[in-house]
Amino acid sequence: MKQRNIHLKTFRDPSTFWIGFNMEDPILGKNKPLREAISYAIDRKKYIKLFFNDRDEIAYGFIPPLMKAYNPEIKKFGRSFDPQKAKQMVKEAEKIYGGKLPTLKLSMGATDTLARQTGQFFQRCFNDVGLDVEVEYMDWPTFQDKLKTKSVQMFTLGWVADYPDAENFLQLFYSKNASPGTNNFNYSNPEFDQIYEQAVVMPDCPARTELYRKAERIVVEDCPAAFINHRVAYVLYHDWVGNYKPHVFGYGLAKYRKIDMKKRAAYNW
């Protein structure tokens with residue numbers, strides 16, 4: 001491709017993907033060690049290698065690394081792959097539950113081969129630490145309906161920012177946005193809500209950034225989701241495409257790109 005004057009640009013995508021937990025579910029919502037066990041059980045590095053050609057970044061929280069509010073210390077608070085810790089948490093979860101844990105259900109909004117391979121990967125991770133998980137594959141409208149009616153137990157989902165501010169991710173955990181709103185976790189924490197309400201009316205400043213980071217630490221500690229990955233985008237373009245610069249929020253800017261018609265005409269297709 002280099003010999004044919006094709007260029008490659010990579011850039012961080014403002015996205016985070018996770019396995020979410022319905023915090024109103026009677027089994028998951030009241031059993032934090034169980035949620036932690038699930039998070040510790042996921043081999044994120046292997047997942048990224050298998051499904052994203054080793055390109056994405058591991059997620060320890062929900063704020064993407066390209067955002068100013070990203071906390072490089074979040075790794076200390078997040079949960080990395082640790083099967084031994086997961087097995088320990090399963091034992092703690094069984095004490096809370098009062099016996100052997102029942103089969104859990106993971107809902108996915110796709111039915112294609114990739115979705116099934118992804119579901120099988122997660123199943124294997126969970127089985128390795130003593131958790132029995134059934135994967136439920138469904139079309140996207142059915143999946144959305146089940147999310148909005150709080151009818152899922154666990155689910156795979158993610159978020160791509162609509163604008164370059166971490167508030168776009170914080171609002172996903174605000175209690176007043178619970179399903180059918182954007183808070184599909186049905187997560188509720190009064191301390192988080194107070195910080196969120198304080199931060200959203202503040203101008204962009206270091207104090208607001210610190211509030212964002214504090215709110216993220218609260219969510220990570222409560223574990224309403226097992227955060228998995230942040231995407232990294234790869235873009236190829238021809239040498240005759242000029243004035244090109246990736247812009248994750250610049251929707252519709254393609255019409256302003258400059259095309260060298262002579263180079264294009266001379267290109268050996």
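How many bridges join E3 to strand E7, and in which direction do the two run? The views below, taken from a predicted model, begin with that pair.

**View 1. The pairing of strands E3 and E7.** E3 and strand E7 (residues 225-230) run antiparallel and are joined by 2 bridges. Ile-58 has Asn-229 in E7 as its bridge partner. Helix H2 (residues 44-52) touches both E3 and E7 as it packs on the sheet. The direction of helix H2 makes about 45° with that of E7.

**View 2. The open sheet of 6 strands.** Pairing in this sheet is mixed, and the strand order is E3-E7-E2-E6-E4-E5.

**View 3. Helix H4 across the strands.** Helix H4 (residues 113-127) lies across strand E2 (15-21), strand E4 (104-108), E5, strand E6 (154-160) and E7. Relative to E5, helix H4 runs at about 165°.

View 4. Ser-107 belongs to strand E4. Is this residue, Ser-107, buried or exposed? Ser-107 counts as buried because its relative accessibility is 1%, and the cut-off for buried is under 20%. Leaving aside residues up to four places away in sequence, Ser-107 touches Glu-136, Met-138, Phe-143, Val-152, Met-154, Phe-155 and Thr-156.

Conventions. Residues numbered from 1 in each chain as written. Predicted model: local features only at pLDDT ≥ 70, side-chain atom pairs only at ≥ 80, totals over all residues. Heavy atoms only, no water. Pairing = 2+ DSSP bridges. Helix = DSSP H or I, 4+ residues; strand = E, 2+ residues; numbered from the N terminus. Contact = heavy atoms within 4.5 Å. Axes fitted to C-alpha atoms, helices over the stretch in contact; angles between N-to-C directions. Buried < 20%, exposed > 50% of the residue type's maximum accessible area, 1.4 Å probe, protein only.
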